[in-house]
Amino acid sequence: MEPDGAERWWLLHGKRTIVADPDRAFGQPIVAEHGMTTARVAEAVEAEGSVAKVAKIYELKPKLIRDALAYEQMLELRRAA
């Protein structure tokens, strides 16, 4: 039996790091491995001042943080267009 709705979307082309999954975080964009929303990652980097600090605090790989920031930047560009 096929599901009635979408299962998940990988949001960065060619990467499986940022996902929108209706079963996790109410479908908000998240870091797939950890479930932290990309918006929260961006807020944390702004508050802490660096990717390295956020990586240490949340025990995330810096690459995942940079991907979350890239996704958030892509959203901002779409909103501005």
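1. Helices (H or I, at least four residues) and strands (E, at least two) are DSSP runs, numbered from the N terminus. Just after helix α1, glycine 49 adopts a positive phi of about 90°.

2. The model is predicted: local features need pLDDT of at least 70, side-chain atom pairs count only at pLDDT 80 or more, and totals for chains, interfaces and linings use all residues. Residues are numbered from 1 along each chain as its sequence is written, and side-chain values use heavy atoms, with hydrogens and water left out.

3. An open sheet is formed by three strands in the order β1-β2-β3, with antiparallel pairing; two strands pair if DSSP finds at least two bridges between them. β1 (9-10) and β3 (29-31) stand at the edges with a single partner strand each, so one side of each has no neighbour in the sheet. Two bridges join β1 to β2 (residues 18-20), and tryptophan 9 stands opposite alanine 20 in β2.

4. In α1, the buried residues (under 20% relative accessible area, with a 1.4 Å probe and protein chains only) are Thr38, Val41, Ala44 and Val45. They cover an arc of only 120° around the axis (taken from the directions from the helix axis to the C-beta atoms), which puts them on the same side of α1. The face turned away from that buried side carries Glu46 and Ala47, which are exposed (over 50%).

5. What covers the buried residues of α1 includes β2, β3, α2 and α3, where contact means heavy atoms within 4.5 Å. Arg40, Ala44, Val45 and Glu48 of α1 meet Val51, Lys53, Val54, Ile57 and Tyr58 of α2.
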